[in-house]
Amino acid sequence: GFLELLEDEDLDDATRERFLEQIRGQVARLGKLATDLLDLSRLETGAVELQTEDTDLQRLAHGVADEFLPALSAHRSELALDPDAAPVLAVCDPARVAQVLRILLDNALTHTPPGTPIAVAARSSSGGGELTVTDSGPGIPRGEIAQVFEPFATSNGKSGSGLGLAIARELAGLMRGELRVASRPGQTTFTLRLPT
């Protein structure tokens, strides 16, 4: 529809730019959906190969958090991340762990009101390392917690493909780890536990 409207020669520049921005957004959304569906399909068929190595989860968390600075600014949210924390080692595929962390941060921004604080932490645990993403948003309704990791599940009436958390959990399991959620009104925490 927007492409047809752009064919109007009498369209002013501001309106034309607004239509182009809508098209860009929809193309990006469809591209992400196609990638997510392909990732989930590969995970379900066992076609994903891992490149495991000793990884500093603390360093990885800082790198991914830096990627989110523009999105955090647009959301008017602060991200708490301990800049001086000691290394936290785990044996994992760092690219896939970064993918899980991106999903969790994107989820926190999508399902919280603007200005909601978000915290990322890496810490050692018995037999491994953990990454947590905690937001101070409304929480996940009790009746929806059991379904958050199911494909196509969404929460709080938000739009989206509902594939991100399903992919994140599959990736965690593939790395011999686990992804858990704990939520109550005013706080939701996703914890990715990985072996050492």
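Before we look at anything, one definition: two strands count as paired if DSSP finds at least two bridges between them. Helices (H or I, at least four residues) and strands (E, at least two) are themselves DSSP runs, numbered from the N terminus.

Hello everyone. What you see above is a predicted model, so local features need pLDDT of at least 70, side-chain atom pairs count only at pLDDT 80 or more, and totals for chains, interfaces and linings use all residues. Residues are numbered from 1 along each chain as its sequence is written, and side-chain values use heavy atoms, with hydrogens and water left out.

Let's start with the sheet. It is open, has five strands in the order β2-β4-β5-β7-β6, and its pairing is mixed. At the edges sit β2 (79–80) and β6, each of which pairs on one side only. As background, strands of a sheet pair through backbone hydrogen bonds, either parallel or antiparallel.

Now follow β6, residues 178–184, to its partner: β6 and β7 run antiparallel and are joined by seven bridges. Which residue of β7 is the bridge partner of Val181? That is Phe190. Ala182, meanwhile, stands opposite Thr189 in β7. The hairpin of these strands has two residues between them, and Gly186 there takes a positive phi near 95°.

For α3, the strands touched are β2, β4, β5 and β7, and its direction makes about 30° with that of β5. For α6, they are β6 and β7, with an angle of about 135° to the direction of β6. Axes here are lines fitted to C-alpha atoms, for helices over the stretch in contact, and angles run from 0 to 180 degrees between N-to-C directions.

Let's zoom in on α3, residues 57–67. Leu57, Gln58, Leu60, Ala61, Val64 and Ala65 are buried there. They lie on the same side of α3 because they cover an arc of only 160° around the axis, an arc taken from the directions from the helix axis to the C-beta atoms. Turned away from that side are the exposed residues Arg59 and Asp66. By buried I mean under 20% relative accessible area, by exposed over 50%, with partly exposed in between (1.4 Å probe, protein chains only).

Last stop: Val148, in the loop between β5 and α6. Val148 counts as buried at 9% relative accessibility. Not counting residues up to four places away in sequence, Val148 touches Ile140, Leu165 and Val181.

Methods: Contact means heavy atoms within 4.5 Å.
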